[in-house]
Amino acid sequence: MASLKNFFAWCKRHYLLVTFLGVLFIVVFGFVNIQILHMTSEPEFCHMCHPAQGFGPLAEVDSWEHSAHGEAGVSCLDCHGRPGVVGYIKAKLGGLKDTYMQLTISKEEKLKILQNPKEDLVPDQQCLFCHSDEGNQSYRKKVRLMKIVRMRLLDDVKNPEFRMHKGLPDILTDTFVGGTHFDHAMHREAFDFKCRDCHFGLVHNPSTKTDRMNMCVACHKENEDSEAPQVAECQRCHEAQYDMNKGIGAKDVAGEPGLMWGNGIGCQDCHTGVAKGVYRPTSETCSNCHDESYKEIFNDWASETKAEIADLRELRITVEDALKDADKKKRDTKAHWERYEKALYNFRLVRNDGTNGVHNHDYAQAILASVKKDFNAILNALEQSW
Ligand code: HEC
Ligand code: HEC
Ligand code: HEC
Ligand code: HEC
Ligand code: HEC
Ligand code: HEC
Ligand code: HEC
Ligand code: HEC
């Protein structure tokens, strides 16, 4: 007892030092804790127990790494954890449960759980938080204190800025999405769809575009008496591909119809397998009308455009970072952001067409050249102005 008393007396005499040590302790302890929270949120950590390659159960980290979300820096807890502090903490508690289960259940039981994810494992609200303005703003109003933890992309997502900077549409109001003419709001309202009903291959599971198209046309066939487009009406759904063939659609870039489209060749003259359910043609289709050497032209067109798209993808990230940096320094970037968003729109048109410019090589080339020019002009302007 006496020693404790002595200790307090000592503290009283050296209260400045004690306060200092106390604060230091809290800061260091807090820092270590945050580092632990941070570390255990990283995909590398998840990989310890979700280690397989490819798609499906146990391969969640690998499949994520190769997904569009992975490439865009949308990480595990951006989807598997509600926004805000409480959401973050709940997700971390879920992680504790994972660890406990790992130690207590058999391999077979674990696989069974992963094969049958709960229906609301990632609720639609989570997706709408990033992919619509309404879903983002209403959630932000409900959940204050968004900003206490800043260890995820998610908590910084504020729409419309976030999706505009990524070049994404508002899926509840826009009908030109991913290159397709599709009205999310109408289909959701009429049929009570969940996101996963159509985006079943999102992130972790394999799926083909053919599976997705079949889903649309099967239901539309049942609704033949309505406005629903039937299989042969390609261009009513495939807006980006239709535009590319016609040489229109990009902002501030003049174009001509594609070589074939301009000479009266229609979609199904190249897409000859549609009646058999084979929608995607190969270079073989060129030799239906031209000699064999035209397969090489196809390959040249595609590889040239593909390489340019890859380069521009890197350049886009540099430009976005430079713009954000300039914003932090409170510089006037409004006009630059507008130019960036226009360029991104054009870039996505070529990407969403999905053929690496085969539908209209010259137009695709002209668009990508203008995108490159826009991106470089922004970088130059940011370097020059102070
Ligand atoms: C120590 C091993 C371990 C680590 C590390 C781990 N998990 Fe898991 N995870 C499991 C096990 C075991 C299950 C199945 C049992 C369960 O539902 O908890 C599981 C299940 C899941 C589920 C499905 C839950 C459900 O209810 O269907 C998700 C989502 C998940 N993990 C995400 C993650 C994420 C994200 C990380 C990294 C931040 C991670 N896990 C790290 C072992 C782990
Ligand atoms: C863009 C959102 C998104 C991201 C990012 C994401 N997931 Fe998922 N995850 C989902 C969805 C949606 C499901 C439900 C799958 C279904 O409905 O079939 C899911 C399911 C799972 C499951 C349950 C088992 C399974 O295979 O379906 C695990 C485990 C999991 N994710 C782990 C992870 C890990 C680990 C990461 C990061 C490396 C991650 N997820 C990143 C959306 C995401
Ligand atoms: C943290 C924000 C965020 C969340 C949460 C999120 N996404 Fe995304 N999503 C993005 C970004 C960013 C991209 C852009 C990727 C690109 O094109 O560069 C994207 C791309 C997409 C795409 C087009 C690319 C593809 O993989 O087909 C679809 C579809 C999509 N998201 C659906 C969903 C669904 C469904 C959910 C919910 C399970 C979801 N997203 C959750 C940010 C998010
Ligand atoms: C009835 C089917 C269907 C449902 C349900 C559905 N989508 Fe889509 N979604 C599509 C189609 C078709 C496209 C365009 C083609 C593509 O990229 O796959 C698309 C594209 C997208 C894109 C890409 C936008 C772009 O321009 O890159 C996002 C993001 C998206 N959907 C999010 C969602 C979210 C979030 C939900 C749930 C609230 C949802 N979708 C529900 C069919 C659907
Ligand atoms: C469960 C049934 C069902 C599914 C699945 C479905 N649709 Fe529809 N869709 C309809 C119906 C019914 C209409 C007609 C509505 C009307 O007459 O106003 C329609 C109308 C449309 C239209 C024309 C209306 C407009 O906005 O211009 C387009 C385009 C369309 N759907 C695209 C798609 C795509 C793409 C998919 C697949 C991702 C899809 N639909 C999946 C039932 C469906
Ligand atoms: C009702 C809308 C609709 C109609 C009509 C339609 N498609 Fe599709 N198609 C889709 C959707 C949705 C996808 C999937 C797109 C995605 O996921 O990016 C798709 C995918 C495709 C693919 C990619 C297939 C793959 O597996 O790679 C091709 C090629 C294609 N469509 C060609 C056509 C052609 C040619 C026609 C006309 C004969 C046509 N489509 C009519 C909605 C439609
Ligand atoms: C000159 C021949 C030709 C014409 C004309 C043509 N296509 Fe294609 N299309 C192709 C080839 C070849 C591919 C496959 C490219 C590849 O795999 O790299 C393709 C791919 C596609 C895809 C798949 C894109 C993706 O996202 O993967 C769609 C959708 C499509 N075409 C729709 C259309 C539509 C709609 C029309 C008419 C407006 C049309 N095509 C006209 C040759 C043609
Ligand atoms: C249905 C028939 C048809 C198909 C399939 C087709 N073309 Fe053509 N192509 C034409 C016609 C018609 C012209 C214009 C008349 C001409 O100049 O020969 C043309 C013109 C061209 C030209 C410019 C003139 C020349 O001969 O150099 C090129 C290059 C070309 N096509 C490449 C391709 C490639 C690559 C494919 C495969 C993706 C393809 N075509 C598929 C019919 C077709």
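Predicted model: local features only at pLDDT ≥ 70, side-chain atom pairs only at ≥ 80, totals over all residues.
Local features need pLDDT of at least 70 and side-chain atom pairs count only at pLDDT 80 or more, while totals for chains, interfaces and linings use all residues. Residues are numbered from 1 along each chain as its sequence is written, chains are lettered from A and ligands numbered from 1 in the order in which they are written, and side-chain values use heavy atoms, with hydrogens and water left out.

The iron atom of ligand 2 has His80 (NE2) and His204 (NE2) as its protein donors, at 2.0 Å. Donors are N, O and S atoms within 2.8 Å of the metal (3.2 Å for Na, K and Ca); water is not among the atoms, so sites may look incomplete. The two histidines are 124 residues apart. His80 sits in the loop between helix 6 (76–79) and helix 7 (84–104), and His204 in the loop between helix 13 (195–198) and helix 14 (209–222). Helices are DSSP runs (H or I, at least four residues), numbered from the N terminus. Six donors count as octahedral if opposite donors are over 155 degrees apart and all others between 65 and 115. For six octahedral donors, the ideal angles are 90 or 180 degrees. His80 is partly exposed at 34% relative accessibility, and His204 is partly exposed at 22%. Partly exposed lies between buried (under 20% relative accessible area) and exposed (over 50%), with a 1.4 Å probe and protein chains only.

The iron atom of ligand 3 is coordinated by His69 (NE2) and His131 (NE2), at 2.0 Å. His69 belongs to helix 5 (residues 68–71) and His131 to helix 9 (residues 124–131), so the pair ties together parts 62 residues apart in sequence. Six donor atoms subtend angles of 86 to 179° around the iron of ligand 3, which makes this arrangement octahedral. His69 is partly exposed at 21%. His131 is partly exposed at 25%.

Arg280 places a polar side-chain atom 2.2 Å from a ligand 7 oxygen. The side chain of Lys209 lies 2.9 Å from an oxygen of ligand 7. His359 lies 2.8 Å from a nitrogen of ligand 7 through a polar side-chain atom.

Ligand 8 has 14 residues around it, the closest being Met260, Cys286, Cys289, His290 and Tyr294. A polar side-chain atom of His290 is 2.7 Å from a ligand 8 nitrogen. The side chain of Tyr294 comes 2.6 Å from an oxygen of ligand 8. Helix 18 gives the most to this shell, with three residues.

Asp183 caps the N-terminal end of helix 12 (residues 184–191), with a side-chain oxygen 3.2 Å from the backbone nitrogen of Ala185. Asp192 follows helix 12 and has a positive phi, near 55°.

The largest nonpolar core has 26 residues. Such a core joins buried Ala, Val, Leu, Ile, Met, Phe, Trp, Tyr and Cys residues through side-chain atoms within 4.5 Å. Val319, Tyr340, Ile367 and Phe375 have the most contacts inside this core. Helix 20 gives the most to the core, with nine residues.

Notes:
Polar contact = N/O pair within 3.5 Å; in protein donor to acceptor, adjacent residues only side chain to side chain. Tetrahedral: all angles 85-135°; square planar, octahedral: opposite > 155°, others 65-115°. Near = heavy atom within 4 Å.
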